[in-house]
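Here is a short walk through one protein chain. Keep the structure in view and follow along.

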Amino acid sequence: EESSGVEGFLYLSDCLNFTVSVITDLIPSVLEGILKCLASVNGRKHPSNSQIRQISANLPLLPIISHVCSSHVLLSFFADVAFVDSLGDLLFYTANADSGATGLGSNPGLSLDDLCAESFSALSSCLVYIDPTALIDEFKESLTKKILPALAQFLTSASNERKLGAVNLIEETIRLLLQAQQISNLLDSFISSTLLLQFPLLLAERKVRQGSLQLLLLLVDKTVRWLPAIAS
């Protein structure tokens, strides 16, 4: 009986490992399919019927990705630099849809609100997963070059909810970068040339004011180098 119990445990363990392997192997390819269909319509207000069909077939899979990303055990199997870069591309295409520069058709299979929310959720899970003491060197370039510029596009969104979501994620990303390193020239350029220019508009919006102030305090607490730009 004891031997049978051990064999049963090993069998269940093998089943679990197989299931995890299948799920984690599929996630990057599913995301790639979503990115391909979004790339094909990027900048087009009126996609073709075949493009609309591809969008309708692929976008509903995005909640699966964000759900799997919420598990750090599963995330550890596929959350590499390429995956974070892909999330940056996803945010870029989503921001273009949010701005109206890209049309997704009348029935994309996932509403624009849900597209933004699921994209933000997947990134938020990845930011929590990244350890500033161990993993940040691997991801810092992707976060600075890909993630932050893509999030910045949402700061001019017509939706205050998306603005606030982007502000919160920008704060999380910058906090992670500042915990692990000195301020790089790339990060300094993003903050000086892109982020600080948005604060007058963000602080004027009541619903995003508190989140914007928290982000501003994070920058001021770290260094005084941005104070002249903030004061002006």
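**Confidence first**

Helix α11 (residues 227-231) has the lowest mean pLDDT among the elements of the chain, at 66. Helix α5 (residues 81-99) has the highest, at 96. These values matter here, as this is a predicted model. Over the chain, the mean pLDDT is 88. Some 92% of the residues reach 70 or more.

Now step back to the whole chain. It has 11 helices and zero strands. Its C-alpha atoms fill a box of roughly 75 × 50 × 30 Å, taken along the principal axes. Of the 232 residues, 42% count as buried. Take the contacts between residues at least 6 apart in sequence: 76% of them join residues at least 24 apart.

Next, look inside. The largest nonpolar core has 67 residues. Those with the most contacts inside this core are F83, L143, I174 and L195. Pick out I174. Setting aside residues up to four places away in sequence, I174 touches L148, L187, F190, I191, L195, L215, L218 and L219.

From α9, the residues in contact are I191, L195, L196, F199, L202, L203 and A204. On the α10 side they meet R206, V208, R209, S212, L213, L215, L216 and L219. By class, this contact has 12 nonpolar, one polar and two charged residues.

Which helix holds S193? S193 lies in helix α9. S193 counts as partly exposed because its relative accessibility is 46%, between the cut-offs of 20% and 50%. Compare its position with that of L215. S193 and L215 are 22 residues apart in sequence. In space, they are 16 Å apart, C-alpha to C-alpha.

Finish with another serine, S125. It is found in helix α6 (residues 112-129). Is S125 buried or exposed? S125 is buried, because its relative accessible area is 13% and buried means under 20%. Leaving out its neighbours within four places in sequence, S125 is in contact with C69, S70, H72 and L75.

Conventions: Residues numbered from 1 in each chain as written. Predicted model: local features only at pLDDT ≥ 70, side-chain atom pairs only at ≥ 80, totals over all residues. Heavy atoms only, no water. Contact = heavy atoms within 4.5 Å. Helix = DSSP H or I, 4+ residues; strand = E, 2+ residues; numbered from the N terminus. Nonpolar A, V, L, I, M, F, W, Y, C, P; charged D, E, K, R; others polar. Core = buried A, V, L, I, M, F, W, Y, C linked by side-chain atoms within 4.5 Å. Buried < 20%, exposed > 50% of the residue type's maximum accessible area, 1.4 Å probe, protein only. pLDDT = per-residue confidence, 0-100.
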